[in-house]
Structure formats: structure tokens, C-alpha cells
Amino acid sequence: MEPIRKSPSVEQQIEILHTSNTQQQEFSDSARFFVLKTPNTFSTVSPFLIEKAITSSIGPVKTIRKMRSGDLFLEVASAKQSSALRTLRKMAHIDVTIVPHNTLNYSRGVISAADLLNVSTEEIKENMVDQKVCEVRRITIRRDGQVLNTKHLILTFSTPELPQSVKAAYLHCPVRPYIPNPLRCFQCQRFGHSKTVCRGQPTCSRCAEVGHDSADCKAKERCVNCKGDHSSFSRSCPTWILEKEITAVKIKNKLSYPEARRVVSLRTPVSGKSYASAANKTYHTIAIQVDASTAPKSAQSESVQPKSIAVDTRKTVSTPPTVKKTRKTRIKDSGVQSHKKKGRTSLKNSMTWETMSWTFTPHKAMRV
């Protein structure tokens with residue numbers, strides 16, 4: 001049976017309420033992200049004309065990109081441009097509507113203060129409005145069937161940049177980013193959406209079978225997402241850990257969900273493939289070997305086909321160690337017989353002054 005804990009659907013409802021409240025608020029001086037809407041569509045208008053109209057109206061902006069809904073996403077470069085967008089109703093010959101982005105202009109952080117455990121969230125919000133706190137929510141836990149308050153508070157700031165700390169009366173409270181748990185559907189057990197908008201089939205969160213609830217299930221545990229031997233709501237699920245990391249990158253770097261997923265996938269190693277196997281490569285070198293002194297002229301004139309030789313450049317080619325030759329070996333290699341065998345007299349008689357040469361060694365001179 002699935003344990004009782006804080007439901008992601010409740011978080012989504014709070015997020016929807018927060019979104020509806022922020023849409024009714026006026027432009028904030030710290031707002032940096034906006035959505036540009038039009039009654040028709042921007043697809044029928046030249047992108048060059050739209051960019052020139054925006055630049056002529058408020059100046060060069062930091063970012064312009066088209067959203068999946070067809071609207072335009074704007075990131076202004078200064079507070080002056082943000083103020084200019086308040087009065088913008090028409091751009092070139094296009095009627096436009098400018099609204100602040102629902103989430104990017106706001107940031108959420110967590111503070112922990114035991115002295116605020118018995119203080120209501122309304123009182124905390126009222127006394128921290130001057131620090132741009134627009135919403136306060138307390139984190140609760142369920143223990144033995146009872147809902148208990150904790151000392152941890154989630155603060156929503158009406159600014160994109162999360163402050164490092166806040167002052168609660170005489171208390172100095174460090175602020176850390178709030179990373180919500182991945183949203184999991186209670187119907188299909190997949191991540192990324194809630195039960196209210198799910199189009200999948202009801203699936204058991206314990207055994208991953210379709211068609212029955214997990215309340216009376218006693219089958220072997222199996223995850224719907226990673227096919228592992230655990231339930232779909234397990235915190236040790238690799239898919240849950242991946243979704244948690246994507247959410248953290250999305251919030252900390254102010255990215256969209258597809259962009260955050262792309263960033264995490266690029267820095268996550270592929271399962272079953274090590275770095276050594278990915279870096280292991282075989283290099284091929286084209287080499288031609290021809291002995292010009294022994295090959296006939298007719299053979300030299302013919303075209304020689306190149307030969308492909310596999311060379312592993314990572315291996316170090318070691319040269320054979322140099323062996324110091326003895327005097328006897330040097331004499332033998334020079335082609336001169338030993339004096340003991342042939343005799344000094346016969347050696348002198350066999351040599352003339354024209355063919356006589358001297359060979360010097362480090363120790364003494366040897367006449368050959």
C-alpha cells in the first residue's frame with residue numbers, strides 16, 4: 001500500500017493558485033521576463049519585421065524566442081525596458097498584449113527558524129513585504145495520522161534573483177533554493193503531469209499492472225518508469241532521481257523543462273558504456289614501402305597501391321636497449337680476423353700502405 005505523504009497534486013493546486021494570483025498583479029519593477037501575445041498569430045508576420053518593431057519600441061532586448069504556444073518570449077536588458085512595456089499596446093501594425101511570465105519573475109526559497117514555529121504565515125508575510133516576500137507557506141509532515149507543522153517555511157519572492165538571506169525581526173535566516181519533488185500522476189504513475197490531465201490507463205503503483213488499484217495489491221513490486229524491483233513511488237527509483245535533478249537545474253538556471261532535461265542528459269553517462277570504451281579508437285595510417293635500390297625500373301614506374309596499417313597511437317614504442325660491444329665483437333664485425341688465428345706477420349704482409357687505415361678507440365689506437 002502506498003504510504004501517506006504530501007501529494008504532488010496538492011503542490012500543483014498551490015502552483016495553479018499562485019499562478020492565477022501573479023497574473024492579476026501589475027508589472028513589478030524587478031520583472032525581467034515577459035510574454036508577447038497577439039490576437040492572431042506571429043507566424044504570418046516576417047520575423048525580421050517583428051524584431052525591428054521590438055527594437056524600435058523599447059530598444060535591443062536580451063532574448064527573443066518563439067514559444068510552443070506561438071507567443072513570443074522576451075527577456076529585457078534593463079528596468080527601463082520593463083517600464084516601457086507597460087504602455088506598449090501596438091507594435092508596427094500588430095495589436096499586442098504584454099504580460100509578465102508566470103513563474104520566471106518569481107523565485108522560491110526555504111528558511112528554517114524554530115522561533116517562527118508558532119507564528120502564523122499571515123503574520124510572517126505581513127512583516128516581510130518590504131523584502132519582496134509575496135507568499136509564505138509552511139512545510140508540514142504527516143505522522144501517526146496527524147498533520148504536524150515544521151520550522152521550515154517556503155517563501156515566494158517577487159524577484160527573479162533569490163536573496164541569500166532575509167531578516168525576520170531580529171532573526172537572520174539564510175535562504176536556500178526550494179526544489180519541489182517531481183510531479184507524478186496518481187493514475188498512470190508517470191512523471192510530468194497530474195491525474196486531472198492524464199490520458200493514460202489506471203495503473204497500479206506497486207506492481208505496474210493495468211486495471212487495478214494498489215490498495216489491495218500484494219503482488220511483487222515493479223516500477224512503471226524504470227522497470228526495477230521497487231514501487232513506482234520509491235525515492236530510490238533512478239527515474240525519480242533523474243527527474244529531481246532536472247527540476248533542480250530548471251529552477252537554479254532559470255531554464256525551461258526541455259532545456260533542463262537536455263543539460264542533464266549531456267552530463268549524465270550512458271548506462272552500460274564506460275568512458276574508456278567511448279575513448280577507445282583505432283587509428284589507421286596509410287603507408288607505402290618501396291626499396292628503390294633493389295626494385296627494377298619498370299616496377300618503380302608502376303603505381304603502388306597504398307596499404308592500410310592499423311596503428312595504436314596510445315601504446316609507447318620502446319627501442320631495444322643498446323648493448324655495449326666488446327673488443328672481440330667489434331673486430332669480428334669489421335671483417336678482420338683475430339691476430340691469434342692468422343698471426344701478426346701475415347696480417348702485415350696482406351696490407352699495403354695505400355689500404356692501411358687507423359681506427360681509434362677510447363682506450364688505445366688499433367692498427368687494422
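Two strands are said to pair if DSSP finds at least two bridges between them, and that is the sense in which pairing is used on this tour. The model is a predicted one, so a look at confidence comes before any detail.

**Colour by confidence**

Colour the chain by pLDDT, whose mean over the protein is 76, with 67% of the residues reaching 70 or more. Select residues 1-26, where the pLDDT is below 50, although the model gives this stretch 40 contacts beyond near neighbours in sequence. Then go to residues 345-361, where pLDDT again stays under 50 and the model has 14 contacts beyond four places in sequence. Where pLDDT is low, the predicted coordinates should not be read in detail.

**Select the hairpin of S8 and S9**

Now select strand S8, residues 133-143, together with strand S9, residues 146-157; the two run antiparallel and are joined by nine bridges. Two residues lie between the strands of this hairpin, and there Asp 144 takes a positive phi near 55 degrees.

Is Thr 150 buried or exposed? Thr 150 counts as buried because its relative accessibility is 13%, below the cut-off of 20%.

**Select the four-stranded sheet**

Next, display the open sheet of four strands, which has the order S2-S3-S1-S6 and antiparallel pairing. Its edge strands are S2 (63-66) and S6 (97-100), each of which pairs on one side only. Looking along the sheet, you can follow a twist that averages 25 degrees from one strand to the next. Within the sheet, S2 and S3 pair in the antiparallel sense over four bridges, and Arg 65 stands opposite Phe 73 in S3.

**Select the nonpolar cores**

Which residues touch the most other members of the largest nonpolar core? Among the 19 residues of that core, they are Phe 34, Leu 36, Ile 50, Ile 54, Leu 85, Met 91 and Val 96. Strand S1 (33-37), helix H2 (47-58) and strand S3 (72-75) each supply at least two residues of the core, and the largest share, four residues, comes from H2. Another core, of 15 residues, lies apart from it and includes Ile 111, Ile 124, Val 133 and Ala 168.

**Select Pro 182 and the annotated spans**

Move on to the loop between strand S12 (176-177) and helix H5 (238-252), where you will find Pro 182. Pro 182 is buried, with a relative accessible area of 6%. Show Ala 248 as well: the C-alpha atoms of Pro 182 and Ala 248 are separated by 9.9 Å, while the two residues are 66 residues apart along the chain.

Finish with residues 184-200 and 203-219, at which UniProt, in an unreviewed entry, places the feature "domain: CCHC-type". In residues 184-200 the model has 0% helix and 0% strand, and the end C-alpha atoms lie 13 Å apart. Residues 203-219 likewise are 0% helix and 0% strand, with 13 Å between the end C-alpha atoms.

Key: Residues numbered from 1 in each chain as written. Predicted model: local features only at pLDDT ≥ 70, side-chain atom pairs only at ≥ 80, totals over all residues. Heavy atoms only, no water. UniProt positions renumbered as here; feature names shortened; annotations may be inferred. Core = buried A, V, L, I, M, F, W, Y, C linked by side-chain atoms within 4.5 Å. Buried < 20%, exposed > 50% of the residue type's maximum accessible area, 1.4 Å probe, protein only. pLDDT = per-residue confidence, 0-100. Contact = heavy atoms within 4.5 Å. Axes fitted to C-alpha atoms, helices over the stretch in contact; angles between N-to-C directions.
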